[in-house]
Amino acid sequence: MPPVIDSIVERKIGKKVKVKTAGVSGLISKDIYYSIFYNEEIKNIIEWGPEYCIISAGINDTNKKMGAISYGENMRLIISILLRYNIIPVVIEIPYYDIHSSFNRMDVITKIRAIRSMIWTGSFINCIDSYMLSYDEMLTKYNWQNKVITIRRNQWNPDGYNDTRLVYIDDRMHLNVNGYYLLDSCIAMSLIYYEKTRCP
């Protein structure tokens, strides 16, 4: 299913909208930041000069137990460079995927690395809330609450992988077609609200 963000926003605000996508599957937030400089596909986002940039980062950080402090700092770096180019960051809050099941499915080497990271960073297996707390504290510290649009999971998927609407594929980590439709619709409505309420 193609993204529905453009069609919903166009219909509601009467303005032509163009959505472009770029990204590399499996990256942690640190890799996403460095990709802005070294990955041609992601580097092009800045060159496009978009008004908004949707950032989906954190699932891989929590899955690999990279640390809440590290996640908050990497998100700060990503957001700061977008703001420097007058691009409004739209950050998707880490959803409640089945993090325990994902941990249990890891092969031995990957699991050992995750456990080692948990020891180094003080992460629990279910560390999603601590990572988002680090993000929220970072927003407050830099007074970015009104400069960054955060798509909260409660807006579209409050029950995570237990959502009765069945929005995840069988691994209960990645969204299915219905899940992406719900998320895209929520992003679109958030952009519409921001466009209608921000100062001219």
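Me: Why is the contact of R76 with E73 called a salt bridge?
Reply: The closest N and O atoms of R76 and E73 are 2.7 Å apart. A salt bridge requires a side-chain nitrogen of Lys or Arg within 4 Å of a carboxyl oxygen of Asp or Glu, so the distance of 2.7 Å between R76 and E73 qualifies. This is a predicted model, in which local features need pLDDT of at least 70, side-chain atom pairs count only at pLDDT 80 or more, and totals for chains, interfaces and linings use all residues. Residues are numbered from 1 along each chain as its sequence is written, and side-chain values use heavy atoms, with hydrogens and water left out.

Me: Where do R76 and E73 lie in the chain?
Reply: Both are in helix 5 (residues 68–84), where three residues, about one turn of the helix, separate them. A helix here is a DSSP run of H or I with at least four residues, a strand is a run of E with at least two, and both are numbered from the N terminus.

Me: What makes E73 partly exposed?
Reply: E73 has a relative accessibility of 35%. Buried means under 20% relative accessible area and exposed means over 50%, with partly exposed in between (1.4 Å probe, protein chains only); therefore the 35% of E73 falls in the middle class.

Me: How many salt bridges are there by this rule?
Reply: The count comes to nine. One of them joins E40 and K43, with their closest N and O atoms 3.1 Å apart. These two residues are three apart in helix 3 (residues 40–48), so about one helical turn separates them. K43 counts as partly exposed, because its relative accessibility is 23%.

Me: What do E93 and R153 tie together?
Reply: The side chains of E93 and R153 meet in a salt bridge, at 3.8 Å from N to O. E93 lies in the loop between strand 2 (88–92) and helix 6 (99–105), and R153 in the loop between strand 3 (149–151) and helix 9 (177–197), so the pair ties together parts that are 60 residues apart in sequence. Both residues are buried. They also belong to a network of salt bridges that links E93, D129, D136, R152 and R153.

Me: How do you know that the charged end of R153 sits over the ring of Y96?
Reply: The charged end of R153 is 3.9 Å from the centre of that ring. The rule asks for NZ of Lys or CZ of Arg within 6 Å of the ring centre and within 35 degrees of the ring normal.

Me: Why is the ring pair of Y33 and Y34 given its class?
Reply: The search of the whole structure finds six aromatic pairs. In the pair of Y33 and Y34, the ring centres are 5.4 Å apart and the planes lie at 65°, so the pair is edge-to-face. Rings of Phe, Tyr and Trp (its six-membered ring) pair if their centres lie within 6.5 Å; planes under 30 degrees apart count as stacked, over 60 as edge-to-face and the rest as tilted. Y33 counts as buried, because its relative accessibility is 15%, whereas Y34 is partly exposed at 42%. The pair of Y142 and W144 is stacked, because its centres are 5.1 Å apart and its planes lie at 25°. Ring pairs also link Y33, Y34, F37 and Y38 into a cluster.
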